[in-house]
Amino acid sequence: MTSPVLSEIQRAATYGDILLSRHAEERCDERSVRATDIKRAIKTATSAVVQGNDAILVSGGVDVSGDALNIVCQLVRRGVYIITVIGA
Amino acid sequence: MKCDLCQKGDLVSEVVPRLTNIGPYAVRDTVTRDRCPACGETFLGLDALHAAELRAARRVLLEGPAVGTVARDVRKILGLTQRELSPLIGLSWEAISRLENADETSPANTMALLLLVERAMRGEALEGDRGEAVKLSRVS
């Protein structure tokens, strides 16, 4: 069953904006993570665990190639703020 | 608009340079990013990033053949798996795999990918609501 936190992130990502931090931008560039990879990773994620400082680890999702892609994000007024991305 | 994180500063839009890597190419472009003068955080919309990636993909495909890592990167930018791309460009997914791992392609493959990129730039969906691929119209 999908956790309420994961459902909220997926809802916010669908109906709100997905925003990248500068750090997330740099990690995406380093690892060739594309915008569509992030969307798919959120869509296919199976777990969301609240960490410290309101950060949420979204895991279990995959990128367009089917490789694991975890995301650390935060729910904000406009949608989802991506703090960083973590490849497998 | 107030900062999404600190709620103090008023966000400022900035046009900043950006390099998008596609295969061995680095395409120079700009994106508009919001910055909070109070806390210093920046916000780049995923849609703006996606648009920059599509523009870069189009430029690379106009310059040269879609082969190897270029083909793979363009497919990823389109957000399609090899199986999803297959009916859209009329190649089996095995042929797409070979295309992405080989040094040879045809102008038709490059043109087919370019057309898909341009469709995506116009905001057309390349997948159906349930994830099934939508067939391209025949190009005469």
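In this predicted model, the largest nonpolar core holds 55 residues, and the members that touch the most others are Ile9(A), Ile38(A), Ile71(A), Ile82(A) and Val74(B). Helix 1 of chain B, spanning residues 46-63, provides the largest share of this core, with eight residues. In soluble globular proteins, nonpolar side chains tend to be buried together. The surroundings of Val74(B) can be followed residue by residue: leaving aside residues up to four places away in sequence, Val74(B) touches Ile22(B), Ala57(B), Leu61(B), Ala66(B), Leu113(B) and Val117(B).

Turning to the chains one at a time, chain A has three helices and five strands, and from the N terminus on these elements run in the order α-β-α-α-β-β-β-β. The radius of gyration of chain A is 11 Å, close to the 12 Å that the globule rule gives for 88 residues, so chain A is as compact as a globular protein of that length. Along the principal axes, the C-alpha atoms of chain A fill a box of roughly 30 × 25 × 25 Å. Of the 88 residues in chain A, 41% count as buried, and where contacts in this chain link residues at least 6 apart in sequence, 55% of them join residues at least 24 apart.

Chain B is built from five helices and three strands, and its pattern along the sequence is β-β-β-α-α-α-α-α. Buried residues account for 34% of the 140 residues in chain B. Among the contacts in chain B with a separation of 6 or more, 56% are between residues 24 or more positions apart.

The two chains also meet each other directly, in a contact that takes 21 residues from chain A and 17 residues from chain B. On the side of chain A that touches chain B, strand 1 (17-20), helix 2 (22-31) and helix 3 (35-44) each supply at least two residues, and helix 3 of chain A gives the most, with six residues. Sorted by class, this side of chain A has eight nonpolar, four polar and nine charged residues.

Note on methods. Residues are numbered from 1 along each chain as its sequence is written. Chains are lettered from A and ligands numbered from 1 in the order in which they are written. This is a predicted model: local features need pLDDT of at least 70, side-chain atom pairs count only at pLDDT 80 or more; totals for chains, interfaces and linings use all residues. Two residues are in contact if their C-beta atoms, placed from the backbone, lie within 7 Å. Helices (H or I, at least four residues) and strands (E, at least two) are DSSP runs, numbered from the N terminus. Ala, Val, Leu, Ile, Met, Phe, Trp, Tyr, Cys and Pro count as nonpolar, Asp, Glu, Lys and Arg as charged, and the others, Gly among them, as polar. A nonpolar core is a set of buried Ala, Val, Leu, Ile, Met, Phe, Trp, Tyr and Cys residues joined through C-beta atoms within 7 Å. A residue is buried if 20 or more other C-beta atoms lie within 10 Å of its own, exposed if 12 or fewer, and partly exposed in between; C-beta atoms are placed from the backbone. The radius of gyration is taken over C-alpha atoms; the globule rule is 2.2 Å times the number of residues to the power 0.38.
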